[in-house]
Amino acid sequence: MLARNLPWLTMSKLKRREAVAGYVFILPWLISLLVFTLYPIITTLYLSFTNYTVVQPPVWVGLENYQTIFFNDPSIKPSVYNSVYYTLLSVPVGLILSLLLALVLNMRATGIGVYRTLFYLPSLVPPVAATIVFTVLFEARSGLINSFIRSFGLPAPAWFADPNWSKPGLVIMSLWGIGAQTLIFLAGLQDIPKSLLEAAEIDGANGAQKLWYITLPLLSNVILFNLVMNVIGSFQVFTQAVVIGGTTGNPMESTLMFMVHIYRNAFRYFKMGYASALSVLLFVVVMVVTLLIFRSARLWVFAEKDENA
Amino acid sequence: MQINEVPYSDNSPSLSKQIASVARHLILIGVTLLFLLPFYWMIISALKPNEMVFSDPVQWFPNPIRWENFAEAFNYPGFPFLRFLWNSTFYSTLVTVGTVISCAAVGYGFASLRFPGRNFLFTLTVANLMIPGVVTFIPIFLLFKSLGMLGSYTPLILPSFFGNAFFIFMMRQFFLTMPSELADAARVDGANEFVIFWRVMLPLVQPALIVMAVFTFLWTWHDFFGPLVYLNDQSSYPLSLGLFAFRNRRTTEWGLLMAGATLTTLPLMVLFFFAQRYFIEGIKVTGLKV
């Protein structure tokens, strides 16, 4: 096939040798692209139109799986609701808090490097371990958090034991890991030219004005990056939800995330066809949402060349 | 915009400056303590006897300190945490080796060697960055199943030796910033491309290799989904999955559970302590996240 390529024939011997070396270097990745990306994507798409329980070969059922998703699966509603709820709450709150934290860590203070390091430490804790620690902290009767709340004479929720409070609990837990995000914001803050802020100061801008008119616009591309990464990540949240609620989303399906629903269909019920259809759907939703965010970026992400004149 | 007064005055009394500095530190310390609290709670709970983990009033320091929790966790019947620790180490190390070798080589190929189809293949690689694992994992599972590899670490480790889009992209960018004079000189001296890559180029990109190694190790150590899907024999579990299984079966042994959680975290702390610079740089430069 390569021999039919015109440039290949007209190449000098030296260039041809370089090209051969090039293919050898990227060979593992070529195999990976075929075996671990291209083939699986096509197969997932194909399987989503079949009934496949592993023991027997897949049977073509057309759009039946998609029909089931939209009309006949009672777990779809709670799992979509939970994932959307979690995303809509954890992403904005996480973004705002990590931005505030980055502003705090950008202050000039002695030993600031130590603080920056300490904030990152929680991100090192493996998700399973972190979630288990939070089940202890959020324990309904005598966990640390409820003991604290009760010490003010306030009523304390049962968190992961209460379907109304399990998702807020998950969101609060996710905030513990915003250290990496904060460091990305911090790097963005440090890239903002000091001269701009000083110029604004001379013009009489106060702190809030500097933040709103200079810092945030210059940071908007970093905000976009973190936003997109977080949305993609939180739509696919799995580990924390499974550790809290198992594969049934305890209590009362309140922690049944979409990804958990995919997992149990594939590996508990062995409905590979149906799980593939769910996967395709999640993929399409994530892609569309990402695209919409990038579209909206034209409105709120600052483009340097326009206003620098 | 009107100018009311001269805002850039540096003649404020040093007392107010000192107060501002103290206030800054109070904010920093307060927020830091809040962040470290779950961490602290994990470690002291791991050193408490079981009935003291949920005690009223809250016990801020374990008394007596019960080190035995760790000793018992190491060899708990059915949940050998020492074995889990070894499994995690073995799994994470091999994935790291595979990723570093393959991504360095492929990244170099894309950055420094010219061959027909290079741009097209690189575009595919970038597109690959946006494909979430959710659309590929079922067929990959079925593939390994048909090869009879379920229940082993092969499906978890093998793919890493074929590279991943993110680090290939990162390595390519890194190699592109390297001066080509050294490689050209070696080429004139008759060295072949593999010698140039191994002897000349790899030592130059060492910091990038370390960033890649550190994050791959961390992510693999954190990985829960992969082992959950592929492993079935409890003694072969890595720490995350072992801890999960322990929690599900031994629902009331809180002290031991926290010891297990601490053990799952501690090796990463050690790694972080030694490679701190690379973690922070990796996050800042590439937007890598945990």
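Colleague: How are H3(A) and H14(A) placed relative to each other, roughly parallel or roughly perpendicular?

Modeller: First, the ground rules. This is a predicted model, where local features need pLDDT of at least 70, side-chain atom pairs count only at pLDDT 80 or more, and totals for chains, interfaces and linings use all residues. Residues are numbered from 1 along each chain as its sequence is written, chains are lettered from A and ligands numbered from 1 in the order written, and side-chain values use heavy atoms, without hydrogens and water.

Now the angle. Axes are lines fitted to C-alpha atoms, for helices over the stretch in contact, and angles run from 0 to 180 degrees between N-to-C directions. Under 35 degrees is roughly parallel, over 145 roughly antiparallel, 65 to 115 roughly perpendicular, and the rest oblique. Helices are DSSP runs (H or I, at least four residues), numbered from the N terminus. Helix H3 (residues 64-72) and helix H14 (residues 272-300) of chain A pack at about 70 degrees, with axes 9 Å apart. H3(A) and H14(A) are therefore roughly perpendicular.

Colleague: Which residues of H3(A) and H14(A) make the contact?

Modeller: Contact means heavy atoms within 4.5 Å. H3(A) brings A:Asn65, A:Tyr66, A:Thr68, A:Ile69 and A:Phe70. H14(A) brings residues including A:Gly273, A:Tyr274 and A:Leu281.

Colleague: Is A:Ser90 buried or exposed?

Modeller: Buried means under 20% relative accessible area, exposed over 50%, partly exposed in between (1.4 Å probe, protein chains only). A:Ser90 has 10% relative accessibility, so A:Ser90 counts as buried. A:Ser90 is found in helix H4 (residues 76-105) of chain A. Leaving aside residues up to four places away in sequence, A:Ser90 touches A:Val171, A:Ser174 and A:Ser234.

Colleague: What area is buried between chain A and chain B?

Modeller: The size of an interface is often given as the accessible area lost when the parts come together. Here buried area is summed over both parts (1.4 Å probe). The value is about 8,300 Å², and carbon and sulfur atoms give 80% of that. In chain A, A:Phe25, A:Trp29 and A:Phe36 lose the most area to chain B, together 10% of what that side buries. The contact takes 96 residues from chain A and 93 residues from chain B.

Technical notes: Helix = DSSP H or I, 4+ residues; strand = E, 2+ residues; numbered from the N terminus. Buried area = accessible area lost by both parts, 1.4 Å probe.
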